[in-house]
Structure formats: structure tokens, C-alpha cells
Amino acid sequence: MRVISFWTRFHAPSSIRFSIVCHNHPQTHSSCNFGHDNHQMEPCELSANTVIAHPRALTDKITLIRDAGPSKFQVIADFDATLTRYRVNGLRRQTSHGLLQQGNAYYDAKRQALYDHYHPLEISPVIPIDEKTKLMEEWWSKTHELLIEGGLTYDAIKKSVANSSIAFREGVTELFEFLEKKEIPVLIFSAGLADVIEEVLRQNVDRTFKNVKIVSNRMVFNDDGQLVSFKGKLIHVLNKNEHALDMAAPLHDRLGVDIGEEDEENVNMKERRNVLLMGDHLGDLRMSDGLDYETRISIGFLNDNIEKSLESYRESFDLVYLNDAPMWGALELVSRLFSTEAR
């Protein structure tokens with residue numbers, strides 16, 4: 001197998017240096033090129049934090065997407081541990097589910113007990129996908145029941161986010177800004193909670209993005225701001241895909257920006273058949289199942305169980321980022337696909 005490792009060094013958000021080194025043998029290195037000659041990348045520091053198993057196939061995909069242009073392109077991304085960091089200072093970061101504090105210690109403890117039981121099953125590389133899917137459905141259903149039963153309020157969501165350790169990977173804001181400038185839609189798929197994700201964006205990014213939609217578990221609150229139910233199909237870590245596009249809520253709708261006709265926007269999304277997909281689970285590859293895509297580049301963030309899972313990740317994703325890598329590499333990729341000078 002031919003594996004490529006590369007490292008992205010940022011001197012400033014607008015000045016990116018990108019390096020690729022090919023490994024045919026541990027002591028033999030040769031230069032590689034991504035795409036056309038006029039996009040030659042400058043040599044830079046080598047890192048083992050990014051792995052590409054099939055460089056020729058990736059180069060071909062880059063050429064096809066670049067030639068089709070940004071009007072045929074969209075980004076599909078998972079939220080927890082993909083857009084957000086997995087660890088900081090060696091400690092696991094909170095997820096959009098995990099940060100919630102209901103203001104009721106009994107129900108918080110019951111949800112924590114569910115996490116302690118099901119999370120090791122979620123990340124296990126040996127449980128068959130069909131069996132794991134059933135386990136994830138159990139976990140999510142039980143958790144949602146506890147949130148309703150425990151009387152979660154929207155005020156508790158705002159307070160939980162303010163007190164949480166959740167944080168975006170470096171480069172996420174810059175990636176969103178670039179995509180917004182190019183009028184490229186971003187579809188955030190999450191097995192978490194849409195209302196929490198919106199609050200995380202509101203409190204941490206300090207701006208809105210008119211090109212961002214969220215497909216996640218959406219809450220229904222009564223007039224007193226108390227959770228009474230969930231809207232639509234249950235979305236867990238293994239069933240996220242574009243069949244759920246009808247659940248997509250434009251982020252800017254929630255934040256007070258005029259959005260126009262949502263149905264027309266959803267049709268436009270389905271016509272964008274070139275895709276950059278980013279996730280941290282093999283199941284995230286199914287996020288594009290409902291989209292009749294022509295070319296897809298997939299980026300996998302392998303944050304845990306690296307030794308056991310690397311082989312399956314590098315054979316499944318076009319690029320694999322290890323050890324909670326930042327988002328600069330993805331930003332460099334889309335910058336190479338569509339230059340900033342023209343749409």
C-alpha cells in the first residue's frame with residue numbers, strides 16, 4: 001500500500017503552506033503533486049498526522065471537482081469530534097449531548113450512566129455495523145426520554161453551553177467563511193441536538209453563516225421553554241444521511257436572517273453532486289447516501305483507537321487526520337479546489 005502523509009503549517013489564515021511526502025518505503029521519500037502543475041505545493045514540515053492510502057484516486061477527484069466548479073459543490077460535515085475538538089490537554093471534550101446539564105442531578109447521572117455503558121460500544125471496532133446500529137438507537141431513544149422526563153428547558157441549554165468545554169477545531173471558522181464567500185452550502189449532520197449546536201455556534205463563532213444548514217435531532221418546546229418532544233426521525237451516529245434533508249433547518253433562520261424558500265434551497269442542494277464529506281466515524285460515510293453524487297472526497301478524523309482503526313479508516317476515507325488535527329488541511333483543500341480570486 002502506498003501511503004501519503006502531509007502537514008499543513010499556518011503562518012496566517014491567508015497564507016497556507018502545504019507539504020506532501022510519498023512513502024514507498026520507510027527510508028525512501030519522493031515529492032508528490034496535488035492536481036495541476038500551477039497548483040504545485042511548497043515543501044514543508046512532514047507530519048504523520050494525515051494519511052492518504054490512494055493518492056492517484058484523490059488527485060483524479062480533485063481535478064474533476066475543480067473542473068466542475070463551485071456551483072456543483074457542497075460540503076457535508078459531522079459536528080461532534082469533526083467540527084469540534086475531541087480532546088484538549090489530554091481530556092475528552094464535551095459533545096453537544098454530553099454538555100447538557102438539566103439542572104436535575106438525578107437525570108444528569110442517569111444520562112451519564114447511559115454514556116458509560118454505550119460509548120465503549122460506539123467506538124468498538126469489532127461490533128458488526130447492524131448490531132451497533134441497534135445499540136445506538138437504544139442509547140439515543142433512552143437519552144431523549146430522559147431529557148423530556150427531566151424537564152429540560154431552553155434556558156438550561158444556554159447555560160450549559162456557556163459553562164461547557166466544547167470548542168471548534170482551529171480553522172473551522174475560516175473554512176465556513178471561505179465557503180460562504182464562494183456560495184458553497186454546508187450541511188451539518190449531527191447525531192446530537194440541533195438546538196444545542198445552534199447555541200454553540202451562537203456563543204463561540206460570534207457570527208452567522210447564510211450557507212449553513214443543520215440536520216440533527218430538533219427539540220420542541222412549550223410556551224414556558226420546556227422540552228416536550230422531538231421533531232422528526234431519530235438521528236443517531238450511524239443513520240445520518242441526505243434522506244434526512246427535509247429536516248435541515250437553515251441556521252440563519254434561527255438567528256434572524258431572511259432565508260427565502262427552503263424547499264427550493266433543498267432542491268438546489270441535491271443538484272450539487274460534487275461533495276466534500278467530513279466525519280469521525282465510518283458510519284459518517286453514509287451521510288451522502290441519499291445524494292446522487294458524482295464525485296466525493298471524504299475526510300475522516302480518527303481521534304481514538306488509532307492503532308486498531310487506522311487500516312479501516314484509510315481504506316474508507318480519501319484522507320485521514322489523526323490525533324485531533326486542526327481543520328487547516330480541509331481549508332487548504334477547498335482553497336486549492338476553488339481559488340479566492342473568482343467563483
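Tutor: Rings of Phe, Tyr and Trp (its six-membered ring) pair if their centres lie within 6.5 Å; planes under 30 degrees apart count as stacked, over 60 as edge-to-face and the rest as tilted. In this predicted model, local features need pLDDT of at least 70 and side-chain atom pairs pLDDT 80 or more, while totals for chains, interfaces and linings use all residues. Residues are numbered from 1 along each chain as its sequence is written, and side-chain values use heavy atoms, without hydrogens and water.

Student: Which residues do ring pairs link into a cluster?

Tutor: Tyr 115, Tyr 118, Trp 139 and Trp 140. Across the whole structure there are ten aromatic pairs. In one of them, Trp 139 and Trp 140 are edge-to-face, at 4.9 Å centre to centre and 70° between the planes.

Student: Why is Trp 139 called buried?

Tutor: Buried means under 20% relative accessible area, exposed over 50%, partly exposed in between (1.4 Å probe, protein chains only). Trp 139 has 8%, so it is buried. Trp 140, at 7%, is buried too.

Student: What makes the pair of Tyr 154 and Phe 221 edge-to-face?

Tutor: Their ring centres are 5.5 Å apart and their planes stand at 85°, so the pair is edge-to-face. Tyr 154 lies in helix 4 and Phe 221 in strand 9, so the pair ties together parts 67 residues apart in sequence. Helices (H or I, at least four residues) and strands (E, at least two) are DSSP runs, numbered from the N terminus.

Student: Is Tyr 154 buried or exposed?

Tutor: Tyr 154 has 18% relative accessibility, so Tyr 154 counts as buried. Phe 221, at 22%, counts as partly exposed.
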